[in-house]
Amino acid sequence: GAFWQITDIHYDSNFSRQPSPNDLCHSYDGYRGPTDPGIPHPMFGDYNCDSPWKLVESAMDAMKRLHPNPDFILWTGDNVPHEPDSDFDLFKVFSSMKTVTERLVRTFEGIPIYPSLGNHDVWPSDQLPVGKKAADFYGGIYEHASWKTMLDGFHLDTFFKGGYYSVDTIFGLRIINVNSVLWYKSNKVSTFPDPADQLIWLEEELQEIRRKGKKVILAGHIPPGSLARVDNMKWFTAKFNSKFNDLLVANSDVLAATIFGHEHTDSFRITRDNNGHPGTPMFLAPAVTPWKSTVPGIGSNNPAIRLYTYNRTSGSILDYQQYFLNLSAANRQEKDQWHTEYIATKDFGVKTLAASDLSELVDKFAQENSSEFDRYYQYNSVSNDVQTKCVDTCKHRHICAIKEVDYDLYDLCMSGPYFSSSSMKVFRRLVSFCLNSLCLPLSLFVLMIFLYVVFMRDDQIPIMMKNNNAQQREKLLIA
Ligand SMILES: [Zn+2]
Ligand SMILES: [Zn+2]
């Protein structure tokens with residue numbers, strides 16, 4: 001079978017084609033002018049801006065044209081533009097989501113759509129609620145953003161409690177949709193230790209799936225781990241990252257794949273157990289919006305949609321086809337031609353997209369002058385940033401982010417020298433041995449002794465030595 005993923009639409013209803021250079025789109029950093037001031041404001045959007053309606057429709061129509069009858073659609077969140085909270089309110093969030101929802105539902109009448117909430121699908125942004133305010137907000141999404149047209153017939157008590165749910169496809173594969181925005185660092189209203197009891201629910205859900213001998217594809221908006229394009233950009237609060245990652249690792253036998261959006265760039269991750277064995281593949285699809293991030297180094301991307309082929313019962317992702325719109329060409333020609341950017345197995349030269357094959361691919365990435373890595377890097381910006389050659393630190397950063405969803409191992413990977421894959425394996429084993437045995441407390445103990453001797457010997461030794469004999473004192477002074 002096949003299914004679509006569409007993500008990070010960020011529809012900007014204020015996008016303007018007026019020819020004033022200061023009046024194009026609204027953003028966190030005020031009005032943004034066109035990327036190329038020499039031409040009239042572009043028809044399908046600007047690399048500096050969120051999606052105009054024309055682009056939203058173009059993406060959905062392209063999906064319909066390219067593969068009109070998918071088994072289902074994963075819609076992984078973020079529909080509201082990047083605007084300051086002062087320009088927005090909850091009513092605007094609901095109405096903007098309603099517009100996008102109705103268009104997608106109309107385009108794919110009768111096809112199941114499994115939506116996730118993004119960090120922008122709320123006001124103030126990032127603050128997806130738990131507790132008392134939850135029922136009002138998620139009920140509002142259901143009612144006023146027209147999500148009832150997609151969620152009708154699902155078990156929704158968890159949705160009204162915390163924006164997450166689980167459902168079976170007609171082929172019996174389970175789809176779990178997590179609300180990972182509850183674990184997001186910028187969410188100040190989610191509560192410890194388990195917002196909306198989502199983690200415990202997820203654990204029980206996965207156990208039940210195992211008992212029934214079923215498999216699951218897990219989707220959500222924000223992925224665990226770190227962004228690959230800049231240093232140290234971790235999404236979840238550390239505790240939530242490690243709990244969620246532990247769940248993914250412990251249940252890799254039932255998890256066929258995990259699928260997220262949010263990063264706007266095209267990448268993937270591999271979860272691993274303590275011995276470094278690959279578990280579940282994690283696919284991070286690029287955005288529809290071309291919007292240039294305010295974080296230096298992330299940049300903008302061409303608009304993208306993705307079609308997966310998968311096994312209907314095991315859920316294994318067999319392949320995916322990445323489609324994109326070359327935005328500058330489309331604007332120049334005033335014609336929206338969506339093309340295949342790449343086909344995963346063919347362009348990366350892998351047999352399947354199983355975690356073990358992807359892991360071997362990353363080993364190839366790590367080699368010098370890897371053409372596989374160069375291709376990956378081109379696709380990372382949806383073939384927008386084709387000039388930059390990503391080597392040294394840049395490449396190191398991508399490889400660490402892909403391989404290490406765990407924060408500590410990511411930090412270790414980043415702080416270390418550039419490892420070739422085999423030395424990394426030995427190093428990992430050493431570290432995991434260290435973490436699992438007494439070697440960490442032991443080395444801390446040795447370090448403390450060392451500091452004690454270095455900093456406390458001259459002035460403090462007479463006091464410390466009160467109860468010791470001269471012989472011991474002499475020994476210490478020698479050390
Ligand atoms: Zn987004
Ligand atoms: Zn997001």
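Helices (H or I, at least four residues) and strands (E, at least two) are DSSP runs, numbered from the N terminus. The legends below describe a predicted model, in which local features need pLDDT of at least 70, side-chain atom pairs count only at pLDDT 80 or more, and totals for chains, interfaces and linings use all residues. Residues are numbered from 1 along each chain as its sequence is written, and chains are lettered from A and ligands numbered from 1 in the order in which they are written.

**View 1. Asparagine 369 in the loop between H10 and H11.** Phi of asparagine 369 is near 50°, a positive value in a residue other than glycine. Most residues other than glycine have a negative phi, and most peptide bonds are trans. Asparagine 369 is exposed because 7 other C-beta atoms lie within 10 Å; a residue counts as exposed at 12 or fewer such atoms, as buried at 20 or more, and as partly exposed in between, with C-beta atoms placed from the backbone.

**View 2. The crossing of helix H10 (residues 355-366) and helix H11 (residues 371-380).** The two axes come within 7 Å and cross at roughly 100°, which makes H10 roughly perpendicular to H11. Axes are lines fitted to C-alpha atoms, for helices over the stretch in contact, and angles run from 0 to 180 degrees between N-to-C directions. Angles of 65 to 115 degrees count as roughly perpendicular, those under 35 as roughly parallel, those over 145 as roughly antiparallel and the rest as oblique. Leu361, Lys364 and Phe365 of H10 meet Glu372, Phe373 and Tyr376 of H11, where contact requires C-beta atoms, placed from the backbone, within 7 Å. By class, this contact has 4 nonpolar, no polar and 2 charged residues (nonpolar: Ala, Val, Leu, Ile, Met, Phe, Trp, Tyr, Cys and Pro; charged: Asp, Glu, Lys and Arg; polar: the others, Gly among them).

**View 3. The open sheet of 6 strands, in the order S4-S5-S6-S7-S9-S8.** Pairing in this sheet is mixed, two strands being paired if DSSP finds at least two bridges between them. Strand S4 (165-168) and strand S8 (267-272) stand at the edges with a single partner strand each, so one side of each lacks a neighbour in the sheet. From one strand to the next, the twist averages 20°.

**View 4. Strand S9 (residues 278-284) and its surroundings.** Strand S7 (residues 255-260) runs parallel to S9 and is joined to it by 3 bridges. Threonine 258 stands opposite methionine 282, and phenylalanine 260 opposite leucine 284. S8 pairs with S9 in the antiparallel sense over 5 bridges, and isoleucine 270 stands opposite proline 281. In the hairpin of S8 and S9, with 5 residues between the strands, glycine 276 takes a positive phi near 85°. H10 lies across S8 and S9, running at about 75° to S9. Of the 7 residues of S9, 6 are buried.

**View 5. Glutamate 334 in the loop between helix H8 (327-333) and strand S12 (338-343).** Although not a glycine, glutamate 334 has a positive phi of about 50°. Glutamate 334 is exposed, with 9 other C-beta atoms within 10 Å.

Note on methods: Two residues are in contact if their C-beta atoms, placed from the backbone, lie within 7 Å.
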